[in-house]
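Reader: I am new to this structure. Please take me through one part of it closely, then show me what lies elsewhere.

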Amino acid sequence: MVSADPALQALLTRLGARRDVPLAPRTTWRVGGPARFLVQSPPTEALAELFGRCAETGSLICVLGRGSNVLVSDAGIDGVVVTFPDARAPLTLSPEGRVVAGAGVSMARLSAEANGAGLAGLAWCAGIPGSVGGSAVMNAGLVTGGTREMRDVVTGVTYVDPSGVVHHLDAAALHYGPRKSVLQGAGGCVTEVEMQAAGRDAPEALAAATRAMIAERRKRQPRLPTAGSTFVAPEGEPPAGYWLDRAGLKGHLRGAARVSPVHANWIENTGGATAADIADLMQEMMDTVQRQFDVVLRPEVRRLP
Ligand SMILES: Cc1cc2nc3c(=O)[nH]c(=O)nc-3n(C[C@H](O)[C@H](O)[C@H](O)COP(=O)(O)OP(=O)(O)OC[C@H]3O[C@@H](n4cnc5c(N)ncnc54)[C@H](O)[C@@H]3O)c2cc1C
């Protein structure tokens with residue numbers, strides 16, 4: 001809920017908040033209800049004030065990146081949703097390889113601009129359909145052609161905590177693990193991500209390698225709306241897709257949500273799926289793998305709210 005507190009309402013007006021904005025088109029699964037308020041690209045100081053007011057008044061506030069790893073509930077988010085569209089997000093790259101990106105910069109743009117500047121080590125980011133902020137929180141990464149993750153390149157982040165205090169956190173403070181960081185579920189907002197490239201290379205070579213990687217991934221990825229991998233298996237175990245495939249779940253349907261026949265760790269929206277269909281299917285997948293193999297899958301996909 002969002003408090004009627006006059007100071008909070010005035011702040012929302014000042015930040016140009018829009019009311020009752022559908023979120024389904026802003027997620028790659030294309031499901032979920034509306035946001036009570038949507039605020040775009042607030043300056044960090046105003047964002048800190050907004051978090052502070054929400055904390056003081058018991059109002060819900062959360063962050064949506066490019067919506068490529070979230071399940072928004074059918075009821076929507078009765079709170080304030082903050083987003084950072086790519087077009088308004090700053091990105092600077094120094095010849096020495098220091099890269100500073102606003103949270104909303106798309107991973108595709110990060111890759112393209114780093115390639116163009118001859119900075120190596122960021123080309124793989126083009127394979128992730130998310131934002132830099134969301135990817136820093138998720139420790140997004142690729143296994144295609146060797147493992148590369150955000151933790152390899154992130155040196156620090158600017159972070160507004162849920163009470164509205166702004167911090168600069170070094171990478172070590174993020175406690176990165178497989179598709180996880182200390183910021184997941186912490187409730188604040190990353191506004192800026194600092195990264196270090198891994199030396200220099202010819203722009204044409206970097207662009208060619210990126211194109212080849214994208215083409216390779218397209219061959220193996222489902223075509224319908226998904227949120228990428230749904231689960232992470234415990235460390236040291238085979239990947240989640242292995243267990244889900246062995247459980248015979250490929251093609252399994254719940255409403256219009258389907259375990260992809262292409263990749264058992266992906267859930268497809270076959271047309272008109274609800275968030276409840278997807279949530280029920282996820283539960284069934286976890287239960288089946290635990291019952292058959294005694295393996296506990298952890299959802300990689302984040303629930304909002
Ligand atoms: C086709 C497809 C392929 C994919 N392949 C991969 C892959 O190979 N590897 C991989 O790791 N992932 C993959 N993903 C998942 C997804 O792209 C990544 O997890 C991505 O990093 C999520 O970024 P996002 O901006 O979309 O975040 P969202 O999905 O919008 O949000 C994810 C979580 O981060 C939080 N969040 C977002 N932005 C911020 C911020 N600025 N501050 C604080 N919290 C924030 C949200 O509240 C939410 O909890 C894939 C997804 C799809 C659809």
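This is a predicted model: local features need pLDDT of at least 70, side-chain atom pairs count only at pLDDT 80 or more; totals for chains, interfaces and linings use all residues.

Author: Start with one pair of residues. Val-259 stands opposite Ile-267, a residue of strand β16.

Strand β15, residues 257–259, pairs with β16 in the antiparallel sense. The two are joined over 3 bridges. Now widen the view. β15 and β16 belong to an open sheet of 3 strands, in the order β14-β15-β16. The pairing in this sheet is antiparallel. β14 (253–254) and β16 (267–269) are its edge strands, and each of them pairs on one side only. In a regular strand, side chains alternate between the two faces of the sheet.

A helix comes next. α7, residues 275–293, lies across β14, β15 and β16. Its direction makes an angle of about 30° with β15.

Pro-222 sits in the loop between α5 (203–220) and β13 (231–232). Leaving aside residues up to four places away in sequence, Pro-222 touches Ser-260, Val-262, His-263, Trp-266 and Glu-268. Pro-222 and Cys-54 are 168 residues apart along the chain, and their C-alpha atoms are separated by 39 Å.

Now look at another set of strands. Strand β5, residues 77–83, is mostly covered, with 5 of its 7 residues buried. β2 (residues 34–40) pairs with β5 in the parallel sense, over 5 bridges. There Phe-37 stands opposite Val-80 of β5. β3 (residues 61–63) also pairs with β5 in the parallel sense, here over 3 bridges. Val-63 stands opposite Val-82 of β5.

Strand β2 leads on to a helix. β2 and α2 (44–57) are among the elements that cover the buried residues of α1. In α1, residues 6–14, those buried residues are Leu-8, Leu-11 and Leu-12. Seen down the axis of α1, they fall within an arc of 100°, so they line one face of the helix. The other side of α1 holds exposed residues: Pro-6, Ala-7, Ala-10, Thr-13 and Arg-14. Just after α1 comes Gly-16, with a positive phi of about 70°.

Definitions and conventions
Residues are numbered from 1 along each chain as its sequence is written. Helices (H or I, at least four residues) and strands (E, at least two) are DSSP runs, numbered from the N terminus. Two residues are in contact if their C-beta atoms, placed from the backbone, lie within 7 Å. Two strands pair if DSSP finds at least two bridges between them. Axes are lines fitted to C-alpha atoms, for helices over the stretch in contact, and angles run from 0 to 180 degrees between N-to-C directions. A residue is buried if 20 or more other C-beta atoms lie within 10 Å of its own, exposed if 12 or fewer, and partly exposed in between; C-beta atoms are placed from the backbone. The arc is that of the directions from the helix axis to the C-beta atoms.
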